[in-house]
Amino acid sequence: MSLQAIARLEELVDQLLTERIELQEHNRQLTAECDRLVEDRARVSEELDRLLDKLERLEGKA
């Protein structure tokens, strides 16, 4: 293999490693956002459940 081919392969490997690092960071960000959305959904669901309970109690008094 020529030195030029080896140098080109090294460049490509470096580029792939850099892209891999960037993709891993992007994946971590997406995972964190997904976790926040799941937490928000659970919180909203709990709040809606409490409101429905209050409405049912109010309807029962009426």
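Leu 3 sits in helix α1. The model is predicted. Work through the exercises below with the structure open.

## Exercise 1: The fold

Task: State how many helices and strands the chain has, and find which residues helix α1 covers.

Solution. 
- Step 1. Count the elements. The secondary structure amounts to 1 helix and 0 strands.
- Step 2. Locate the helix. Helix α1 takes in residues 3–61.
- Step 3. Leu 23 lies in helix α1. His 26 has its place there too. Lys 54 is in helix α1 as well.

## Exercise 2: The overall shape

Solution. 
- Step 1. Check the box. Along the principal axes, the C-alpha atoms fill roughly 90 × 10 × 10 Å.
- Step 2. Check two C-alpha distances. Ser 2 and Leu 23 are 21 residues apart along the chain, and 31 Å separates them. His 26 and Leu 55 are 29 residues apart in sequence and 43 Å apart in space.

## Exercise 3: Buried or exposed?

Task: Give the share of the residues that count as buried, then classify Leu 3, Leu 23 and His 26.

Solution. 
- Step 1. Start with the whole chain. Of its 62 residues, 0% count as buried.
- Step 2. The chain exposes about 6000 Å², and carbon and sulfur atoms supply 58% of that.
- Step 3. Recall the cut-offs. Exposed means over 50% relative accessible area, and buried means under 20%. Partly exposed lies in between.
- Step 4. Apply them to Leu 3. Its relative accessible area is 72%, so Leu 3 is exposed.
- Step 5. Apply them to Leu 23. The value is 59%, so Leu 23 is exposed.
- Step 6. Apply them to His 26. At 43%, His 26 counts as partly exposed.

## Exercise 4: Salt bridges

Task: State how many salt bridges the structure holds, then examine the pairs Arg 8 with Glu 11, Glu 25 with Arg 28, and Glu 33 with Arg 36.

Solution. 
- Step 1. The structure holds 4 salt bridges.
- Step 2. Recall the cut-off. The side-chain nitrogen must be within 4 Å of the carboxyl oxygen.
- Step 3. Look at Arg 8 and Glu 11. Their side chains meet at 3.3 Å, N to O. They are 3 residues apart in helix α1, so about one helical turn separates them. Arg 8 is partly exposed at 46%. Glu 11 is partly exposed at 47%.
- Step 4. Look at Glu 25 and Arg 28. The closest N and O atoms are 3.2 Å apart. Both residues lie in helix α1, 3 residues apart, about one turn of the helix. Glu 25 is partly exposed, with a relative accessible area of 35%.
- Step 5. Look at Glu 33 and Arg 36. This salt bridge spans 2.6 Å, N to O. Glu 33 counts as partly exposed at 36%. Arg 36 is partly exposed at 43%.

## Exercise 5: Surface patches

Task: Which residues make the nonpolar patch, the negative patch and the patch of positive charge?

Solution. 
- Step 1. Find the nonpolar patch. Met 1, Leu 3, Ile 6, Leu 9 and Leu 12 make it, over about 540 Å².
- Step 2. Find the negative patch. Glu 46, Asp 49, Asp 53, Glu 56 and Glu 59 form it.
- Step 3. Check one member. Patch residues need over 30% relative accessible area. Glu 56 is exposed at 53%.
- Step 4. Find the positive patch. Arg 50, Lys 54, Arg 57 and Lys 61 gather there. Lys 54 counts as partly exposed at 47%.

Technical notes:
Residues numbered from 1 in each chain as written. Predicted model: local features only at pLDDT ≥ 70, side-chain atom pairs only at ≥ 80, totals over all residues. Heavy atoms only, no water. Patch = residues over 30% accessible without salt bridge, like charges linked within 9 Å, V, L, I, M, F, W, Y side chains within 5 Å. Areas by Shrake-Rupley, 256 points an atom, 1.4 Å probe, with all protein chains shown as cover. Lys, Arg positive; Asp, Glu negative; His and termini not counted. Charge placed at Lys NZ, Arg CZ, Asp CG, Glu CD. Helix = DSSP H or I, 4+ residues; strand = E, 2+ residues; numbered from the N terminus. Buried < 20%, exposed > 50% of the residue type's maximum accessible area, 1.4 Å probe, protein only.
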